[in-house]
Amino acid sequence: MKKLHIINYGMNAVLKRKGMLVLSLIMSAVAFFLVNYFLLETDRTELYRKAFEKATGLDADKVFFLDVRAREEKTFSSAVLGKQLTELGLCQACGAYREYADGERVTVFYDAQMVEWFDVKDDRGQRIDLTVTPGQYIPVYVGEAYRQEYPVGSLVTIDDCDYVVKGVLQQSRRIIPDPSQMDVGSIYLSDYVLVAPILSEDYEASYLLAGSGPDHSEIGKTLAGEGLAGYRISFGDLQKSYQKSNDEENRILKSLSAVIICSVLILGFVLASYLISCNTYDYAVHYANGFQVSDIFLMVVTENVFRLFLGAVCGVIAMNIRIGVVYGSGRASVIRDVMLSQQLGKTGLLVLLLALAVGALASIAPMIRIARLNLTDYFRAEE
Amino acid sequence: MLKVENLTKTYGKGDSRVDALRGISFTVNDGEMVAVMGRSGAGKSTLLNILGCMDTPTGGSYTLDGIEVNKLSAKERNRFRRDHVGFVFQNFALMGQYSLLENVELPLVAKDVRKAERRRIAMDALKSVGLTGKADRNPARVSGGQQQRAAIARAIAGGNNLILADEPTGALDYSTGAEVMELFRDLQKSGKTIVIVTHEKEIADKCDRILYISDGKVSETL
Ligand SMILES: Nc1ncnc2c1ncn2[C@@H]1O[C@H](COP(=O)(O)OP(=O)(O)O)[C@@H](O)[C@H]1O
Ligand SMILES: [Mg+2]
């Protein structure tokens, strides 16, 4: 490109004006941080979907989500879930892990009436008529704790119903709820999760069930003790995310983010105009020393875009730091990893495009200002 | 050769109309050093800005190096200015965020000269004004005389033949001003054509010729 040297020079000029650079970096970094924040927070669909897929290895498109907040039953949320599912005819059984006082751990299945069907471990229990076609294997996923007992590929026959273990939910791949949210029955993938099948033609994969042994508040305490901030992810949220067509909340959040983005545009516009108004002397000097008017305009655009781009990069870095701090390391890493990759991917690109757009837009006012200015006035000698 | 004929410049309209130049004609030969004198508001800066293609005359003609500048389009005129004129201002017009060397490089950036080449030419220019050791200094960290010498280095770095200076010694004390005038003499010896606006007779006397401007007209004598 013919004017590449001017672009290069314009970017250097930005780095040379240090005070201005710091000021504009702080302002645009805050603005872009906010854009990122709202983009990430509003685009929860993607976030949960990715986190879910990463945690389970399942294709989220093939999974049906349902609100399973167990408000009335704290200890056995999975039992409540089972109730809901069976009432809906989506599921005939769900598994949960129960730990008895004497330390014995058993897996139990519940039906819609919350009647204990049978105990997997010692193969006792009431007979329940499952309507699954005999001979058909129903895929299930097991938690870490069942890895030994039910390795991948193993078949489990419970009352004429055949289950095939499709996978193990890895310990490192967890979705841990915010401990403060535990009481409303949000889901987490723990060591002791069984995934029961959904009998629906529309969905290939299984419904994911929450199953937990210890009382939720106990888990909350343990998590808090380990210093995990956790992340709120509940089936309720997941479900909402998937009801894209008539999701009022999503629409409101989207328009909110649009308002934020527009505010940033205006903020950038005003900021850049302000910066330039301090700067016209420099442009006059450039003009007097052979810069063409088009060079000066290109410099204005380059400076604005570059300054905003640097600010955007700072904003993205700040956002990453926030994610790191809030979502910590270790157990909450699925959500964090997904958020970080989103940062660098989609939002990173969007922020860059936004910087270009705002920078170019913000250059209009100063260019008009410069065009109307008599640059020679700067050099009139006094006698 | 620089030649203006019946040059006029009018600012504003109606009641606020100012006839800054009312028909000015003169020639400056290549390699000449000419002073322009006149009282404040006589139109000296206006004339210089027109000669430097920073401004356009309202009427008359201006020819430089065989080109009729007043017939050029705005874009062509800007390019012509870049390739033919170097400016020196009373207030030096150096940029504080750049070193002296970077300031001197400016016209070379405008001409898209490569960086290494730019450095070399700018260093040569600084050397010719005796500022080799101060190349990396900030303008604020050198004296006024040194700033003006750097500004002169910048005016010649682009390699243009016509140097226009508006009160170049106006912000300097007498002896520093005299040093700067020595520098202009040296430039003239190297073949530059120089027009210096000044209101100091001592400065003007160091030039080959003096043009007096009053009431928007020019004369060779007071
Ligand atoms: N941009 C302008 N608009 C209106 N009048 C101007 C402008 N620039 C200069 N003038 C007027 O033109 C006359 C000549 O100004 P100038 O060339 O600066 O004089 P000098 O440099 O000789 O002091 C003055 O009366 C001044 O007020
Ligand atoms: Mg003047």
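Tutor: Two strands are taken to pair if DSSP finds at least two bridges between them; helices (H or I, at least four residues) and strands (E, at least two residues) are DSSP runs numbered from the N terminus. This is a predicted model, in which local features need pLDDT of at least 70 and side-chain atom pairs count only at pLDDT 80 or more, while totals for chains, interfaces and linings use all residues. Residues are numbered from 1 along each chain as its sequence is written, chains are lettered from A and ligands numbered from 1 in the order in which they are written, and side-chain values use heavy atoms, with hydrogens and water left out.

Chain B contains 7 helices and 10 strands. Four of these strands make an open, antiparallel sheet, ordered β2-β1-β4-β5 in chain B. Its edges are β2 (18-28) and β5 (67-68) of chain B; each has a single partner strand, so one side of each lacks a neighbour in the sheet. Within the sheet, β1 (residues 2-11) and β4 (residues 59-64) of chain B run antiparallel and are joined by 5 bridges. One position in this pairing is Lys3(B), which stands opposite Thr63(B) in β4(B). Helix α1 (residues 44-51) of chain B packs on this sheet and touches β1, β2 and β4 of chain B, with its direction at about 125° to that of β1(B). Contact here means heavy atoms within 4.5 Å, and angles run from 0 to 180 degrees between N-to-C directions of lines fitted to C-alpha atoms, for helices over the stretch in contact.

The other sheet to consider in chain B is also open, but its pairing is mixed: 6 strands follow one another as β6-β7-β8-β3-β9-β10. Here β6 (85-89) and β10 (217-219) of chain B are the edge strands, and each has a single partner strand, so one side of each is again without a neighbour in the sheet. On average, neighbouring strands of this sheet are turned by 20° against each other, direction ignored. Inside it, β7 (residues 162-166) and β8 (residues 193-197) of chain B pair in the parallel sense over 5 bridges, and Leu164(B) has Val195(B) in β8(B) as its bridge partner. Two helices of chain B deserve mention beside these strands. Helix α2 (residues 74-84) of chain B packs on the sheet, touching β6 and β7 of chain B at about 75° to the direction of β6(B). Helix α5 (residues 144-157) of chain B lies across β6 and β7 of chain B and runs at about 170° to β6(B).

The nonpolar cores come next. A nonpolar core is a set of buried Ala, Val, Leu, Ile, Met, Phe, Trp, Tyr and Cys residues joined through side-chain atoms within 4.5 Å; buried means under 20% relative accessible area, exposed over 50% and partly exposed in between, with a 1.4 Å probe and protein chains only. The largest core has 50 residues, of which Phe291(A), Leu2(B), Phe26(B), Leu51(B) and Tyr62(B) touch the most other members. Helix α8 (residues 280-288) of chain A supplies the largest share of this core, 5 residues. Leaving out residues up to four places away in sequence, Phe26(B) touches Leu2(B), Lys3(B), Val4(B), Leu47(B), Leu51(B), Leu211(B) and Val218(B). A second, separate core of 40 residues includes Ala35(B), Val88(B), Val113(B) and Ala157(B). For chain B as a whole, 56% of the 222 residues are buried.

Aromatic rings complete the picture. Rings of Phe, Tyr and Trp (its six-membered ring) pair if their centres lie within 6.5 Å, and planes under 30 degrees apart count as stacked, over 60 as edge-to-face and the rest as tilted. Over all chains, 3 aromatic pairs are found. In one of them, the rings of Tyr9(A) and Phe291(A) have centres 5.7 Å apart and planes at 50°, so the pair is tilted. Phe291(A) is buried at a relative accessible area of 0%. Phe87(B) and Phe89(B) form a stacked pair, with 5.4 Å between centres and 10° between planes. Phe87(B) counts as buried at 2% relative accessibility, as does Phe89(B) at 3%.
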